[in-house]
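Colleague: I have a model open and want to learn how to read it. Can you take me through the main features?

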Amino acid sequence: MLSRSGHRVLMTLQRKCSNLSQLMKCPAVTEPLNFLAGRRIALDTSRDQIPLQYPATGEVLCSMQLASKMDVDRAVTAAKDAQVGWARMSGFHRGQVLKRAADIIRSRLEEIARLETLDTGKPIWEARLDMQSCADTIEYYGGLAASIAGEFLPLSDGCYAYTIREALGVVGGIGAWNYPLQMASWKSAPALACGNSFVFKPSELTPLTAVVLGEVYKEAGLPDGCYNVVQGGGEVGQLLCSHDLVDKISFTGSVPVGSKIMEACAKGVKHVTLELGGKSPLIIFDDCHLDNAVSGAMMANFLTQGQVCSNGTRVFIQKKIITEFLEKLVKRTKRMKIGDPFNDNTTVGATISRQQADKVLRYVNLAKQEGAEVLCGGQEVTPEERFKGGQFMSPCVLSRCHDDMAVVKDEVFGSLMSVLQFDCEDEVVARANNTEFGLAGGVFTKDLGRAHRVTSHLKAGSLYVNNYNMYPVGVPFGGYKKSGIGRENGPDAIQYYTQVKSVYVEMNDVKAPF
Ligand code: NAD
């Protein structure tokens with residue numbers, strides 16, 4: 001665990017931290033990254049290790065030791081041992097632990113946000129907002145914990161039934177790299193509120209903050225073993241999915257991996273929820289508030305370097321306003337500031353990995369070959385000499401796109417907006433729904449009737465009217481079609497971390513037919 005003096009050192013480092021190398025020496029980075037039964041565990045150094053790189057410079061932050069089969073087994077066993085006692089505590093007391101954890105995150109918000117930026121390359125102000133949202137989520141489920149309950153079901157005279165919502169047992173979480181601590185929080189908070197224990201495997205690209213969350217929970221009074229972190233890639237994820245003592249997998253990531261997870265869970269007949277990819281439509285009608293719609297299109301595409309699952313990357317614009325809309329959009333997009341993720345004025349940080357930047361470049365080229373016009377961006381840039389080892393992409397607006405282009409059909413996961421033109425409502429709704437995904441969608445219009453009509457016809461789990469990419473903690477989030485199964489956030493998440501037990505009670509003599 002990071003000691004009090006460790007915190008002081010870290011905070012001093014952060015105050016001075018124009019020098020990145022100082023932040024890289026902080027204990028949260030240099031200490032072991034697997035968190036089992038309440039503490040960081042230094043594993044056998046002969047094991048496989050992979051370098052963890054800062055996306056903005058390519059500097060190696062540390063060597064991350066991958067969890068072995070035995071380590072996963074230790075984590076799951078610790079979770080199994082801790083779960084029964086945790087579930088027997090009252091919901092109120094579990095909630096108190098979670099609320100304390102939320103307070104601790106708020107008190108350490110700057111420190112944890114900086115680690116998140118180090119891990120992801122996202123702008124520091126975005127990381128701060130993410131941390132706020134993590135604290136809010138944990139507090140929200142802390143508040144719900146005391147009221148997780150079943151129902152009283154009156155039957156015929158003299159007998160009744162009741163239901164109990166019970167924990168599933170050990171929940172395994174597997175996360176993607178774009179919102180590392182948010183995924184750890186969105187999954188662990190409802191899981192723990194319901195009385196489950198939790199073993200999390202963050203993305204191998206972003207391992208740091210999930211471990212700090214373990215320390216936060218411990219300081220808040222969570223019993224050892226209730227929250228654990230195992231590090232590694234797909235193999236470690238598969239070990240979790242196939243472990244006999246794991247009762248449920250909650251996964252966030254791509255569709256192909258989600259499908260493998262579901263297959264692995266099917267073998268063990270485990271519960272599974274999947275938060276997967278998207279290729280969401282954003283529909284802008286000619287009666288919209290134009291400047292708001294331009295802001296919405298940017299919100300829908302350029303947060304976190306465009307690496308957001310719910311992004312509205314297919315931007316449909318009604319014919320009459322397309323020229324004026326694009327003029328405003330391109331002007332504002334060109335003004336975005338690409339640079340040091342730790343600078344408060346930066347709006348575009350680093351793309352997570354070489355592989356991801358190459359994917360974005362590949363799709364820009366493909367789009368050009370298929371007839372799209374690049375109105376701005378779509379290039380790799382080096383904002384300053386010290387960032388030449390990282391990867392930075394300029395936000396890209398592609399016009400003259402059509403529905404059959406690869407860039408319009410596939411999830412790219414980068415700052416790459418495809419602009420499509422449309423004439424009328426029925427046409428655009430049909431085209432918007434013509435996708436295998438169904439995560440999100442949006443509409444900009446001043447016509448309230450049209451807004452509700454369009455949202456009711458779009459086949460997606462999260463819809464936005466006159467805004468985009470908002471995730472209030474009380475509102476369920478998740479996908480239709482191949483974008484997922486189940487919901488995170490809001491009261492709905494509770495049903496995915498509990499199972500229902502029905503109890504029939506007879507108060508009369510039993511009338512047996514034999
Ligand atoms: P990914 O599917 O490649 O990996 C996600 C996680 O799965 C990682 O932790 C990875 O190590 C693990 N993994 C990989 N192969 C595995 C296997 N065979 N078995 C078990 N685990 C395995 O996704 P990514 O590149 O990390 O993230 C980007 C994707 O995540 C995008 O498709 C994006 O849309 C999606 N995403 C969805 C949401 C959502 O809420 N719907 C949120 C964020 C990201």
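Colleague: How far apart do the C-alpha centres of domain 1 and domain 2 lie?

Modeller: Keep in mind that this is a predicted model. The two centres are 30 Å apart. Domain 1 covers 4-276 + 486-498, and domain 2 covers 281-465, according to the domain assignment. Their contact draws 27 residues from domain 1 and 29 residues from domain 2.

Colleague: How do I read a nonpolar core? Which members of the largest one touch the most other members?

Modeller: In soluble globular proteins, nonpolar side chains tend to be buried together. Here the largest nonpolar core has 71 residues. Leu118, Ile138, Tyr217 and Tyr227 touch the most other members. Helix H9 (residues 208-220) supplies the largest share, 8 residues.

Colleague: Where does this core lie relative to the domains?

Modeller: Between them, because domain 1 and domain 2 both give residues to this core. A second, separate core has 28 residues, including Ile284, Phe302, Leu326 and Met336.

Colleague: Which residues does Tyrosine 227 touch?

Modeller: Leave out residues up to four places away in sequence. Then Tyr227 touches Phe35, Ala184, Ser188, Phe198, Ala210, Leu213, Gly214, Tyr217 and Leu222.

Colleague: Now helix packing. At roughly what angle do the axes of H8 and H9 cross?

Modeller: Look at distance, angle and hand. The axes of H8 (residues 180-193) and H9 come within 9 Å and cross at roughly 40°. The crossing is right-handed.

Colleague: Which residues in H8 and H9 meet?

Modeller: From H8, Pro180, Leu181, Ala184, Ser185, Ser188, Ala189 and Leu192. From H9, Thr209, Ala210, Leu213 and Tyr217. This contact has 8 nonpolar residues, 3 polar and no charged.

Note on methods: Residues are numbered from 1 along each chain as its sequence is written. This is a predicted model: local features need pLDDT of at least 70, side-chain atom pairs count only at pLDDT 80 or more; totals for chains, interfaces and linings use all residues. Side-chain values use heavy atoms; hydrogens and water are left out. A nonpolar core is a set of buried Ala, Val, Leu, Ile, Met, Phe, Trp, Tyr and Cys residues joined through side-chain atoms within 4.5 Å. Buried means under 20% relative accessible area, exposed over 50%, partly exposed in between (1.4 Å probe, protein chains only). Helices (H or I, at least four residues) and strands (E, at least two) are DSSP runs, numbered from the N terminus. Domain bounds come from an automatic or database domain assignment. Contact means heavy atoms within 4.5 Å. Axes are lines fitted to C-alpha atoms, for helices over the stretch in contact, and angles run from 0 to 180 degrees between N-to-C directions. A crossing is left-handed if the near helix is turned anticlockwise from the far one by less than a right angle, and right-handed if clockwise. Ala, Val, Leu, Ile, Met, Phe, Trp, Tyr, Cys and Pro count as nonpolar, Asp, Glu, Lys and Arg as charged, and the others, Gly among them, as polar.
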